Amino acid sequence: MKSLAILRYVLLATAAVAAARAQTDDPGGLWAAQWHMTLGQVRTAVLGAAPVDPPVRNTWTVTRLTAAATISGHHFDVLYEFHPLRDEFCAATLIPGPGIDRPSAFYSIKQALLERYGKPIDEDTTEQTSAIGTPYFQKVVLWTLPATTIRLTWLEIGGIGGSNVSVRYSLRGFDFAM
């Protein structure tokens with residue numbers, strides 16, 4: 001009887017730890033999608049995922065679903081991208097919602113990624129003037145994991161007030177897509 005009570009306690013404690021970890025590691029179900037899932041599997045796994053109609057094609061992927069997530073206190077739109085021939089999940093791009101201070105988002109997300117994945121393999125800052133004379137600033141931080149590439153980007157375009165921050169998680173092999 002005593003061993004049954006201990007077993008019950010261990011199971012409850014394990015479930016509580018797993019639930020707490022799921023809440024911190026997966027806000028809004030963002031990480032419920034796994035590489036190679038089909039469109040239907042990702043729609044089922046990610047709460048609130050909605051189809052992008054019509055799908056948006058680029059050279060390497062097709063954006064098929066969108067959802068929302070909160071990371072480091074910032075609200076993001078998440079674009080789920082699929083292999084154009086096999087319809088398998090291969091990338092997710094996170095873009096801050098409207099009204100978010102881009103520098104603040106960049107640095108708080110960078111800190112969260114540093115804490116989770118350690119030192120990046122590359123960090124680069126570019127300040128140039130475009131061919132039409134518009135100054136721009138770009139900062140890129142890159143992590144590579146065994147199956148995933150993570151690219152954090154901040155782009156400021158002078159003269160027109162353009163600013164964007166994005167985080168792109170991609171299956172290795174699709175890490176060159178923008």
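**Figure 1. Aromatic pairs in the predicted model.** The structure, a predicted model, holds seven aromatic pairs. In one of them, Phe 106 and Trp 154, the ring centres are 5.5 Å apart and the planes meet at 40°, so this pair is classed as tilted. Phe 106 belongs to helix α3 and Trp 154 to strand β7, so the pair ties together parts that are 48 residues apart in sequence. Phe 106 has a relative accessible area of 0% and is buried. Trp 154 is also buried, with a relative accessible area of 9%. Elsewhere, one aromatic cluster is formed by Trp 35, Tyr 80, Phe 82 and Phe 89.

**Figure 2. The open sheet of eight strands.** The strands follow the order β1-β2-β3-β4-β8-β7-β6-β5, and their pairing is antiparallel. The edge positions are taken by β1 (50-57) and β5 (122-129); each has a single partner strand, so one side of each is left without a neighbour in the sheet. On average, neighbouring strands of this sheet are turned by 25° against each other, with direction ignored. Helix α3 lies across β3, β4, β5, β6, β7 and β8, and runs at about 160° to β7.

Figure 3. Strands β1 and β2 run antiparallel and are joined by four bridges. They form a hairpin with four residues between them. Within this pairing, Ala 50 stands opposite Thr 66 in β2. Strand β2 is in turn joined to β3 by nine bridges, again antiparallel. Here Ala 68 has Asp 77 in β3 as its bridge partner. The hairpin of β2 and β3 has two residues between the strands, and Ser 72 in the turn has a positive phi of about 50°.

Figure 4. Four bridges pair β4 with β8 in the antiparallel sense, and Ala 91 has Ser 170 in β8 as its bridge partner. Strands β7 and β8 pair over ten bridges, also antiparallel. Arg 151 stands opposite Arg 168 in β8. The antiparallel pairing of β6 and β7 has nine bridges, and a hairpin of three residues joins these two strands.

**Figure 5. The largest nonpolar core.** This core has 31 residues, of which Val 42, Tyr 80, Phe 89, Leu 113, Leu 152 and Val 167 touch the most other members. Two or more residues come from each of α2 (39-45), β2 (62-71), β3 (74-82), β4 (89-96), α3 (102-117), β6 (135-144), β7 (148-157) and β8 (162-171). Apart from its neighbours within four places in sequence, Leu 113 is in contact with Gly 118, Trp 143, Ile 150, Leu 152, Val 167 and Tyr 169. Two of these contacts, Leu 152 and Val 167, are named above with Leu 113 among the residues that touch the most other core members.

**Figure 6. His 83 and its surroundings.** His 83 is placed in the loop between β3 and β4. Its relative accessibility is 12%, so His 83 counts as buried, the limit being under 20%. With residues up to four places away in sequence not counted, His 83 touches Glu 88, Cys 90 and Phe 174.

Conventions
Residues numbered from 1 in each chain as written. Predicted model: local features only at pLDDT ≥ 70, side-chain atom pairs only at ≥ 80, totals over all residues. Heavy atoms only, no water. Core = buried A, V, L, I, M, F, W, Y, C linked by side-chain atoms within 4.5 Å. Buried < 20%, exposed > 50% of the residue type's maximum accessible area, 1.4 Å probe, protein only. Contact = heavy atoms within 4.5 Å. Pairing = 2+ DSSP bridges. Phe/Tyr/Trp six-rings, centres within 6.5 Å; stacked < 30°, edge-to-face > 60°. Axes fitted to C-alpha atoms, helices over the stretch in contact; angles between N-to-C directions.
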